[in-house]
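These are my notebook entries on a structure I went through entry by entry. The structure comes before the notes.

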Number of protein chains: 2
Amino acid sequence: MTTLSPNGAAGVRKVRRATMNDVARLAGVSIKTVSRVVNDEAGVHPATAERVLAAIDQLGFRRNLSARNLRRGSSTGTVGLVLEDVGNPFYSGVTRAVEEVARLRGRQVITGSSDEDPARERELSLEFCSRRVDGLLVVPAGLQHGYLVPEMRAGTPVVFLDRPAGDVVADTVLVDNIGGTAEAVAHLASFGHRRIAFLGDAPDIFTANERLRGYREGCVRAGIGYHESLVVMGPHDEESVRKALQGLRNAADPATAVVTGNNRITVHAVRALAGSAERPALVGFDDFELADLLSPPVTVIAHDASALGKAAADLLFARLDGDGSPPRRVVLPVRLVARGSGEVPA
Amino acid sequence: MTTLSPNGAAGVRKVRRATMNDVARLAGVSIKTVSRVVNDEAGVHPATAERVLAAIDQLGFRRNLSARNLRRGSSTGTVGLVLEDVGNPFYSGVTRAVEEVARLRGRQVITGSSDEDPARERELSLEFCSRRVDGLLVVPAGLQHGYLVPEMRAGTPVVFLDRPAGDVVADTVLVDNIGGTAEAVAHLASFGHRRIAFLGDAPDIFTANERLRGYREGCVRAGIGYHESLVVMGPHDEESVRKALQGLRNAADPATAVVTGNNRITVHAVRALAGSAERPALVGFDDFELADLLSPPVTVIAHDASALGKAAADLLFARLDGDGSPPRRVVLPVRLVARGSGEVPA
DNA sequence: CCTCCCGTTGACAACGCTGTCCACGAACGT
DNA sequence: ACGTTCGTGGACAGCGTTGTCAACGGGAGG
């Protein structure tokens with residue numbers, strides 16, 4: 001059991017970190033030989049290597065990657081991931097998948113949450129570039145990404161995920177927002193619903209807007225028409241979702257079904273509707289844990305956070321491996337998982 | 001709309017990143033002056049600064065933080081966070097909280113998931129140290145942390161969270177595992193339950209073991225005694241949890257109530273019990289989203305992932321600010337949130 | 001008119017590491 | 001005996017940045 005002063009200062013004095021020089025001196029060899037040992041280079045006598053390793057151990061030496069990367073000029077072994085909020089299960093799934101791919105490629109992941117703030121997204125991205133990440137994965141919060149052009153030109157590949165970049169043509173991985181929402185509407189319409197509402201996030205968010213388009217297309221295709229009055233965009237906390245639902249249900253010609261635009265809104269809606277009789281049918285975009293165990297179980301448009309993260313990371317690493325083909329746009333499929341809440345009597 | 005070859009190579013040739021030298025040459029000043037401008041140092045003529053900024057913009061210069069950190073020898077502006085799995089909502093909550101504190105202190109967070117593998121935990125931690133993170137937050141996967149002693153001695157503060165370190169005395173932030181589980185048992189006993197089972201994670205995981213101890217204490221204190229046959233440790237996937245529950249319910253003297261040891265197990269248990277008649281009462285350790293909307297709503301021992309992350313990060317930054325007091329062990333309180341599943345008829 | 005000082009700028013070294021190139025001694029072939 | 005090769009080790013430069021210190025020019029003060 002080892003005890004030492006908690007901020008690392010052993011006893012009184014702050015110990016300077018050992019460098020290769022210190023190791024070399026202790027082992028009685030040159031610094032280059034230490035470097036050879038540390039990097040498993042050939043051409044070091046076993047006995048010498050032994051002495052060096054002992055010195056390394058004794059001094060607690062650990063090579064400084066900043067210096068190494070600077071000198072070698074190559075990879076820093078990191079990729080940056082800018083997303084909206086790691087706390088959101090959807091994005092934490094993405095993070096995990098990216099981490100996994102990065103691990104296989106021997107890279108570390110640096111993450112940052114933009115909180116849907118374009119300035120913060122920019123700040124994080126550029127900070128990561130200053131750290132010379134090998135590549136950047138960005139869930140755009142804003143619509144302008146020209147600031148990334150110098151970085152991309154300088155050789156930092158960038159892949160946008162979940163949403164496209166505003167004013168840059170670059171690799172992008174999306175999910176089929178339009179198709180998914182349209183399918184949700186079709187599903188509800190097939191059970192006879194004709195007053196189907198849409199409850200989406202702020203319309204300046206790409207996915208929210210796309211899903212609204214999908215909703216609209218779905219309505220038109222189902223022959224039930226598109227009614228402005230059945231759309232509410234923007235609510236994102238429990239209270240506002242509750243109010244929006246109230247409005248939709250108390251209207252003269254009330255909605256009999258609701259499509260919600262993302263996992264947060266769906267959960268808030270489920271909570272708002274809990275316990276009330278005569279609940280409208282519900283289909284939510286994004287799957288979420290326990291959706292199958294609620295009563296009624298919630299029908300959703302499911303798509304895989306892991307798949308999104310993996311696809312984006314794979315694309316990024318392909319670029320790092322030298323893939324110079326034109327920018328790609330990957331659209332991942334979604335699938336409707338019918339669980340019951342989308343069929344409630346019309 | 002800007003288009004360029006996706007891996008950054010504009011056109012044909014790979015462009016070298018601009019350095020301060022390039023900027024200096026273009027602006028017709030010395031490199032030191034560029035450094036002054038970039039660092040907002042006083043004593044640069046406005047007109048000169050203007051020229052420099054224009055050059056920076058034209059070249060898309062972004063200073064190399066590796067070089068900066070190397071030269072300054074001080075902070076790299078990063079903290080490392082090693083946890084079990086960012087994909088687990090509990091840990092993603094922790095991550096978010098740490099990120100938040102770090103943001104306020106102008107630091108970036110590097111994360112890595114150990115997957116409960118001690119070797120991976122060690123690998124990640126040391127990798128982070130090589131990157132010269134300013135501090136390290138670790139959710140221990142293993143029991144041996146001597147490998148961190150040189151790092152701590154070299155001045156890298158380390159804070160363990162959720163679980164204590166094995167063989168190092170260091171700052172630690174825990175939740176009240178024992179008290180919480182004991183309270184769960186007391187709660188169940190107060191409704192008349194006398195055959196209360198415990199379903200926990202692998203016993204070599206600290207929290208699992210602590211919670212088992214709490215369960216035992218709770219049983220003894222409630223006067224219902226501790227029965228080995230009512231304890232199952234280890235199941236962590238849906239199938240094994242289902243089997244364990246079956247065993248407990250089909251026994252000669254079946255369990256009428258179950259305490260589950262963490263959020264994953266609780267969710268698996270809820271799923272396993274869904275739809276079956278004569279469900280045992282249930283109290284789960286860890287709160288989870290939608291627990292209140294299940295039927296019956298699930299009673300839990302709640303503790304805040306954010307609070308845990310924040311407390312640990314606060315402690316770490318205090319150390320970074322020079323706090324040299326003896327290692328602290330913080331135990332965060334838990335609270336029983338009664339929702340109904342803990343009262344089902346005995 | 002000369003000195004002094006201040007505002008502005010630059011030359012230079014060094015952070016810790018690795019790539020290049022060379023030196024040394026031993027073992028080999030002729 | 002000699003040159004040659006191989007195995008081993010070291011000297012040195014330089015990655016991009018910043019801290020130190022000094023130089024330069026012009027205005028104020030004597």
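**Entry 1. DNA strand C.** I looked up which residues surround DNA strand C and found 25, the closest being A:Met20, A:Ala67, B:Ser30, B:Thr33 and B:Arg71. I took a residue as near a strand if its C-beta atom, placed from the backbone, lies within 6 Å of it. The elements that give two or more residues to this surface are helix H2 (31-38) and helix H4 (65-72) of chain A, together with helix H2 (31-38) and helix H4 (65-72) of chain B. Helices (H or I, at least four residues) and strands (E, at least two) are DSSP runs, numbered from the N terminus. H4(A) supplies the largest share, five residues.

**Entry 2. Basis of the model.** I note that this is a predicted model, in which local features need pLDDT of at least 70 and side-chain atom pairs count only at pLDDT 80 or more, while totals for chains, interfaces and linings use all residues. Residues are numbered from 1 along each chain as its sequence is written, and chains are lettered from A and ligands numbered from 1 in the order in which they are written.

**Entry 3. DNA strand D.** I counted 26 residues around DNA strand D, of which A:Ser30, A:Thr48, A:Arg71, B:Met20 and B:Ala67 come nearest. Two or more residues are given to this surface by H2 and H4 of chain A and by helix H1 (20-27), H2 and H4 of chain B. H4(B) gives the most, with five residues. The classes here are eight nonpolar, 11 polar and seven charged residues.

**Entry 4. Packing of H2 on H3.** I turned to the helix pair in chain B. H2(B) and helix H3 (residues 46-59) of chain B pack at about 90 degrees, with their axes 10 Å apart. Axes are lines fitted to C-alpha atoms, for helices over the stretch in contact, and angles run from 0 to 180 degrees between N-to-C directions. The angle makes H2(B) roughly perpendicular to H3(B), a label that covers 65 to 115 degrees. B:Thr33, B:Val34 and B:Val37 of H2(B) meet B:Thr48, B:Ala49, B:Val52 and B:Leu53 of H3(B); contact requires C-beta atoms, placed from the backbone, within 7 Å. I class these contact residues as five nonpolar, two polar and no charged.

I then looked at chain A, where the axes of H2(A) and helix H3 (residues 46-59) come within 10 Å and cross at roughly 90 degrees. The contact is made by A:Thr33, A:Val34 and A:Val37 of H2(A) with A:Thr48, A:Ala49, A:Val52 and A:Leu53 of H3(A). Its classes are five nonpolar, two polar and no charged residues.

**Entry 5. Contact between the chains.** I found 73 residues of chain B in contact with 73 residues of chain A. On the chain B side, the elements that give two or more residues include H4, helix H5 (89-104), strand E3 (108-113) and helix H6 (118-130). That side has 31 nonpolar, 25 polar and 17 charged residues.

**Entry 6. Nonpolar core.** Which residues have the most contacts inside the largest nonpolar core? They are A:Leu137, A:Ala312, B:Leu137 and B:Ala312, in a core of 165 residues. Such a core is a set of buried Ala, Val, Leu, Ile, Met, Phe, Trp, Tyr and Cys residues joined through C-beta atoms within 7 Å. Not counting residues up to four places away in sequence, A:Leu137 touches several residues, among them A:Val79, A:Leu161 and A:Leu316.

**Entry 7. Backbone details.** I recorded a cis peptide bond joining A:Ser295 and A:Pro296, with omega about -5 degrees. A:Pro296 lies in the loop between strand E11 (281-285) and strand E12 (299-302) of chain A. In chain B the bond from B:Ser295 to B:Pro296 is cis, with omega near 0 degrees.

B:Glu116 is not a glycine, yet has a positive phi of about 70 degrees. B:Glu116 counts as partly exposed because 17 C-beta neighbours lie inside 10 Å. The cut-offs are 20 or more other C-beta atoms within 10 Å for buried, 12 or fewer for exposed, and in between for partly exposed, with C-beta atoms placed from the backbone. B:Arg132, also not a glycine, has a positive phi of about 60 degrees, and counts as buried with 23 such neighbours.

Key:
Parallel < 35°, antiparallel > 145°, perpendicular 65-115°, else oblique. Contact = placed C-beta atoms within 7 Å. Nonpolar A, V, L, I, M, F, W, Y, C, P; charged D, E, K, R; others polar.
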